Amino acid sequence: MEGKELQAYRVGLFRDAARFIKNERIPYFANVVTWKVFDAGHTLDEAMTDFDVMKECVVHFLDNYPCDGLMDTGIRNQFNVTETFGSQGYYYYDKECVGIKDHATCTVDTLMDYIADEDRYVWEKVLPEKYGDEWYQKSKETWKKTFKAYMDYTMFIVKMGSLTGKTYGIPSLAPNNPMSGTISFAVEEMVANLLGIKQMSLAMRRNPEKLDEFIKAWDDKKIQPVIEKIKNGKGPNYKYCFDASVIMLSHNIMSPSQFERFYWPHLEELLKAYEEKDMNIRIFTEGSILRFADYFKDFKKGTLTFHIENDDPYEFREKLPNIAIMGGMTTAMMANATPDECVKYAEQLCNDLGKEGGFILSEGKMVSYRNDAKAENVKAVAEFMRDYRH
Amino acid sequence: MDKNNYPYASYPKGFNKLAKDILPFFMLPMKKLMMRLLVVILKDG
């Protein structure tokens with residue numbers, strides 16, 4: 001099998017697992033990001049500034065580690081755009097790591113200005129503040145070169161999608177059309193970009209009404225159209241492993257009452273829309289989600305798949321038997337155990353959690369740093385999962 | 001230059017002028033979309 005046929009087969013594996021349908025194979029989703037750069041013999045500064053090097057790193061990974069899905073196809077590196085623009089941004093990198101500086105584009109008092117006219121607010125306030133006086137010195141020539149760099153980056157995304165799909169049969173995880181935007185809740189955008197962790201934490205205590213107002217406006221503008229589209233749509237789209245992929249991070253800084261007030265109503269409405277249409281949604285629940293397990297326990301079995309990070313998969317299965325698990329392999333094990341130990345644990349997870357569907361093996365954390373995993377462990381687990389049958 | 005004399009400072013007038021100055025002709029019908037995606041990278045990156 002290859003190309004589209006292999007992609008379709010793999011989509012079937014993911015969908016069966018998500019729906020608790022027994023399948024001869026349990027899929028392995030490689031949650032591997034920048035680790036593949038080191039494994040290919042490069043450093044991050046080489047890969048982040050050269051599309052050919054990054055492509056080589058992705059190809060090296062797929063040639064050596066059979067997987068059914070891949071978290072990152074080398075496209076999380078738009079440094080060519082920001083570096084052509086010529087001003088320091090929030091992201092930084094060196095030979096060994098990529099990071100992002102904590103930042104906030106709004107205050108709690110300007111959130112409504114932002115949502116009232118995002119394009120204007122970003123153009124006239126956010127960008128000039130971010131870049132300072134340099135913003136007003138950017139020449140037409142600089143802008144032209146930056147736009148060209150952006151087109152180069154876009155073409156790289158398309159090329160890598162085609163390569164991983166056609167040559168390696170890796171399916172897309174979920175619709176992620178940048179032209180229509182990904183699904184992001186107000187609280188996630190506030191933590192990641194608009195307010196930052198500190199301001200958000202303070203605002204939840206000191207200005208809850210202002211957050212309520214903004215979250216309602218965001219929901220009306222961004223989430224309700226998605227819900228409408230789901231309700232009017234045809235249901236599952238089998239071009240993809242999942243019908244949606246969402247990240248949950250901000251719940252980690254919320255108390256139960258804050259989660260109940262600021263997050264749950266909007267999350268619940270969206271999840272119910274997917275449930276009614278028998279669609280499958282994957283949620284990357286960063287940190288731990290089990291504090292809020294009760295909220296999810298009544299969803300129809302087979303709707304939700306949680307990609308768990310810090311939560312123990314056995315504890316998760318006991319508390320939420322209706323939700324499929326993606327995860328299980330820890331970077332601690334991938335980095336420190338032997339290949340035999342890793343394979344044995346992978347087999348145990350498959351037997352204990354996946355015999356009747358409901359399980360997709362993956363790493364809990366994004367495998368990013370050089371020492372996050374040993375190559376022989378990744379290879380042993382990948383090859384085991386490729387060959388293992390119930 | 002500063003905010004008062006930078007030709008691209010304002011929205012939508014300056015933004016649209018920039019789009020016309022830098023986008024290939026065939027992309028102009030999609031200028032808002034193409035520029036918005038570039039802006040996201042410059043804003044969040």
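**Note on the predicted two-chain model**

1. The contact between the chains draws 25 residues from chain A and 22 residues from chain B. This is a predicted model. On the side of chain A that touches chain B, the elements giving two or more residues are α5 (79-85), α7 (118-131) and α8 (140-167). α7(A) gives the most, with eight residues. By type, that side of chain A divides into 15 nonpolar, five polar and five charged residues.

2. Chain B has two helices and zero strands. Its C-alpha atoms fill a box of roughly 30 × 25 × 15 Å along the principal axes. Of the 45 residues in chain B, 24% are buried.

3. Now the sheet of chain A. It is open, has seven strands and pairs in parallel, in the order β2-β1-β9-β8-β7-β6-β5. β2 (69-70) and β5 (244-248) of chain A each have a single partner strand, so they stand at the edges, and one side of each is left without a neighbour in the sheet. Helix α1 (residues 3-18) of chain A packs on this sheet and touches β2, β7, β8 and β9 (359-363) of chain A. The direction of α1(A) makes about 110° with that of β9(A).

4. β5(A) and β6(A) run parallel and are joined by five bridges. Ser245(A) has Arg282(A) in β6(A) as its bridge partner. Strand β6 (residues 281-285) of chain A is joined in turn to β7(A), again by five bridges and in parallel. Here Ile281(A) stands opposite Leu304(A) of β7(A). Between β7(A) and strand β8 (residues 324-329) of chain A there are three bridges, and these strands also run parallel. Phe306(A) stands opposite Ile325(A) in β8(A).

5. Is strand β7 (residues 304-308) of chain A mostly covered or mostly open? Mostly covered: five of its five residues are buried. In a regular strand, side chains alternate between the two faces of the sheet. In β7(A), both faces are covered. Leu304(A), Phe306(A) and Ile308(A) are buried on one side, and Thr305(A) and His307(A) on the other.

6. β7(A), helix α14 (residues 313-319) of chain A and β8(A) make a right-handed β-α-β unit.

7. Next, a helix pair in chain A. Helix α11 (residues 208-232) and helix α12 (residues 256-276) of chain A pack at about 5°, with their axes 10 Å apart. Angles under 35 degrees count as roughly parallel, so α11(A) is roughly parallel to α12(A). From α11(A), the contact uses Pro208(A), Leu211(A), Ile215(A), Asp219(A), Ile223(A), Val226(A), Ile227(A), Ile230(A) and Lys231(A). An α-helix has 3.6 residues a turn, so residues three or four places apart point the same way. α12(A) contributes Arg261(A), Phe262(A), His266(A), Glu269(A), Leu270(A), Ala273(A) and Tyr274(A). The contact residues divide into eleven nonpolar, one polar and four charged.

8. Finally, helix α9 (residues 186-194) of chain A. Which of its residues are buried? They are Ala186(A), Val187(A), Met190(A), Val191(A), Ala192(A) and Leu194(A). Their cover includes α6 (111-116), α10 (196-206), α11 and α12 of chain A. After α9(A) comes Gly196(A), with a positive phi near 80°.

Technical notes: Residues numbered from 1 in each chain as written. Chains lettered and ligands numbered in written order. Predicted model: local features only at pLDDT ≥ 70, side-chain atom pairs only at ≥ 80, totals over all residues. Contact = placed C-beta atoms within 7 Å. Helix = DSSP H or I, 4+ residues; strand = E, 2+ residues; numbered from the N terminus. Nonpolar A, V, L, I, M, F, W, Y, C, P; charged D, E, K, R; others polar. Buried ≥ 20, exposed ≤ 12 C-beta atoms within 10 Å, placed from the backbone. Pairing = 2+ DSSP bridges. Right-handed = clockwise from strand over helix to strand, strands pointing away. Axes fitted to C-alpha atoms, helices over the stretch in contact; angles between N-to-C directions. Parallel < 35°, antiparallel > 145°, perpendicular 65-115°, else oblique.
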